[in-house]
Amino acid sequence: MLTIAVSKGRIYEDALPLLAQAGISPTDNPDTSRKLILQTTRPDVQLVIIRATDVPTFVEYGAADLGITGKDVIIEHGAEGLYEPLDLGIAKCRMMTAARVDAPPIGRRVRVATKYVTIARNYFASLGIQAEIIKLYGSMELAPIVGLADYIVDLVDTGNTLRANGLEPKELIMPISSRLIVNKAAMKMKHQAIQSLINQLELTLNNQAA
Ligand code: AMP
């Protein structure tokens, strides 16, 4: 049996057509069913539906053999115990700095509010800027408006969320997309099943690109 961890929402929606190409279609809809474990059209594959930030944890501990989650989540979790064999090219967005439209350029010191503490710390360190990082769990757009921070680091897709709050995207930190991750022990123990799934997904991605 192969267990794949995936989060509900955009990643799930984008992953479904890819998984379907590998013969894996859930037999329940997680939006209407309250089930957290979904059987699929492949008797040897099941999906567990969990929060995006929990996907690397499930895979690292082997509670799931594989997972699908954003590069941002993988970096913040740390990649120990995980292989990351495929960029699935889904749920694409950008990790960016953002600030008030009238914000002065960053000097040698800056105060940054973000959920993405590791990414923010590495980014400002790479620029030689001394950053005081304030960890938030949501509504980061509020921070520059109420004077909690000068800048935020957040995921940006259309930029509408920023603009609606008087902010604008400033610098691109990195493009983000969802990746396939694999538990290292499972990769050995269930090598044939996992490798054949990776190959099928890779073939689908290559055909899409062609
Ligand atoms: P937007 O207003 O289109 O720029 O979307 C930005 C908001 O959507 C941010 O609050 C992000 O946290 C969230 N978001 C956008 N794209 C993604 C993604 N691929 N994965 C997770 N969250 C995202």
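Where does the ligand sit? Select the ligand and look around: it sits in the largest pocket. Keep in mind as you go that this is a predicted model.

Time to zoom in on some contacts. Click arginine 10: one of its polar side-chain atoms is 3.3 Å from a nitrogen atom of the ligand. Then try threonine 158, where a polar side-chain atom lies 2.5 Å from an oxygen atom of the ligand. Altogether, the protein buries 70% of the 500 Å² that the ligand exposes when taken alone.

Stay here and select alanine 91, in the loop between β5 (82-87) and β6 (93-100). A backbone N or O atom of alanine 91 lies 2.8 Å from a nitrogen atom of the ligand. Check the backbone angle too: most residues other than glycine have a negative phi, but alanine 91 has a positive phi of about 50 degrees.

Last stop: serine 139, in the loop between β8 (130-135) and α5 (142-145). Serine 139 also has a positive phi, near 45 degrees. Is serine 139 buried or exposed? At 54% relative accessibility, serine 139 is exposed, while alanine 91 is buried at 11%.

Conventions:
Residues numbered from 1 in each chain as written. Predicted model: local features only at pLDDT ≥ 70, side-chain atom pairs only at ≥ 80, totals over all residues. Heavy atoms only, no water. Helix = DSSP H or I, 4+ residues; strand = E, 2+ residues; numbered from the N terminus. Buried < 20%, exposed > 50% of the residue type's maximum accessible area, 1.4 Å probe, protein only. Polar contact = N/O pair within 3.5 Å; in protein donor to acceptor, adjacent residues only side chain to side chain. Areas by Shrake-Rupley, 256 points an atom, 1.4 Å probe, with all protein chains shown as cover. 1 Å grid on protein atoms, 1.4 Å probe; cavity = no way out; pocket = protein on both sides within 12 Å on 5 of 7 lines; lining within 4 Å. Sits in = over half its atoms within 2 Å of the grid points.
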